[in-house]
Amino acid sequence: MTINFKDKKALVRVDFNVPLDKAFNITDDTRIREAVPTIRQILDAGGSAILMSHLGRPLAKLNADGSVDRQKFTLEHLVKHLRKKLKARVHFADDCVGKSAVKKAAALKPGEVLLLENTRFYPEEESGNAEFAQKLAALGDVYVNDAFGTAHRAHASTTIVANYFDANHKCFGLLMDREIANATRVMKNPAKPVTCVVGGAKVSDKIILLERFLDFADNIIIGGAMAYTFMLAKKGAVGNSLVEPDRVKAAKEFMKKAKAAGVKVLLPKDSVCGDKFAADAAVQICLSHQIPDGWMGMDIGPSAIKSFGKVVRQSQTIIWNGPMGVFEMPSFAEGTKSIAKAVARATSKGAFSMVGGGDSVAAVNQMKLAKKVSFVSTGGGAMLEFLEGKELPGIKAITA
Ligand code: AMP
């Protein structure tokens, strides 16, 4: 962070969209912990921090009378925990704009923190309303964006607010800097060989990403339900597997492009199949292009685990997005586990590994391997769009 924060009130967009239980206790404080270094640096430099964030989707879950469910979605639930983590005075404003926010922001002293109420209590947040953004901007002297997870949205607090600060008065926070640096590192001049592992449910969600990987990958490993649409493209029989027949053409074209680009595409030779989409399904191993009717491919099989693992372990750069199977069900989790282990092993031997995008992050965390990969991205959709080569509005608003 290049700004001198001394005696400055820094308006910081954090991502405090943490999961809460029924009693509003935080069940996973990763997002708070990850924002602490940025806030701490501002406070230690003699500044104060005004924090803004969203929590959940309050406007999509209104009370029966049409009002906002403040009890459920208030950021006040986080205050106590934040005090503990920051070891600082943390005030709370029960509105993110308006009189009380203005008053509390003005009274804030160096070393202190003000947490603003949920920005998504206002429809103006998601619509990117300029007037609303200007009110937020007026609370601080400088703007810091440390919410990578929402950088792909042109919301008021993530993007539009930055228009009210000149280049010397806005910057990325430490977390956001790290996300951008790591994603850039894997795409620009990565150490070779580069292996991209892509899994998950749908080809349609990942086809842009797959095509982008053709620019710099040596190997692309495809697992998850996506693999069966590719099997269809190769005229295989996939039984009842989850497929997208309207993406068969895209899969065929992708294979052609990969061949022309000299990129090796690895599909799972075999699959763990179930007779229904359930944890207690009967299970058998089938060749992925010969899945019988009444059975569905729900994980990569033992032979695929071996060949995928070997390629991953021999790589110098690994990007992983999406699980290899229905990892939420123990009978179909082995493939995803084995990739997580192979990525950890390659990393221990010097490879650079990045895990990004929702479910693969959950899988790595579930296996307690997060510390054994080089970088776990906090931004699901945002990381996908960044890797796809899109310009994220939250980033552009700071750099442009
Ligand atoms: P995504 O959000 O696209 O990364 O997809 C993740 C979801 O894909 C997870 O909930 C997995 O259970 C699911 N998934 C992965 N492999 C399969 C499969 N073979 N059949 C059905 N669902 C799958």
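Guide: Start with what a pocket is. On a 1 Å grid over the protein atoms alone, a pocket is an open set of points with protein on both sides within 12 Å along at least five of seven lines. A cavity is a set of points where a 1.4 Å probe fits but cannot get out. Lining residues have an atom within 4 Å of a point. A molecule sits in a pocket or cavity if more than half of its atoms lie within 2 Å of its grid points. By that rule, the ligand sits in the second largest pocket.

A word on the model. It is predicted, so local features need pLDDT of at least 70 and side-chain atom pairs count only at pLDDT 80 or more, while totals for chains, interfaces and linings use all residues. Residues are numbered from 1 along each chain as its sequence is written, and side-chain values use heavy atoms, with hydrogens and water left out.

Next, look at polar contacts, which are pairs of N or O atoms within 3.5 Å. A polar backbone atom of alanine 201 is 3.1 Å from an oxygen atom of the ligand. For lysine 206, a polar side-chain atom lies 3.2 Å from a ligand oxygen. Alanine 225 uses a backbone N or O atom, 3.3 Å from a ligand nitrogen. Taken alone, the ligand exposes 500 Å², and the protein buries 82% of that. These areas come from the Shrake-Rupley method with a 1.4 Å probe.

Turn to the largest pocket. About 710 Å³ of space lies in it. That volume is the space filled by probe spheres set on the points, which are joined across faces, edges and corners. The lining has 25 residues, and Thr30, Glu34, Val361, Asn365 and Val376 lie nearest the centre. By class, the lining has 8 nonpolar, 9 polar and 8 charged residues. Helix 1 (30–44) gives the most, with 4 residues. Helices (H or I, at least four residues) and strands (E, at least two) are DSSP runs, numbered from the N terminus.

About 50 Å³ of space lies in the largest cavity. Asp15, Arg31, Glu34, Phe148, Gly149, Leu175 and Thr378 line it. That lining has 2 nonpolar, 2 polar and 3 charged residues.

Methods: Polar contact = N/O pair within 3.5 Å; in protein donor to acceptor, adjacent residues only side chain to side chain. Nonpolar A, V, L, I, M, F, W, Y, C, P; charged D, E, K, R; others polar.
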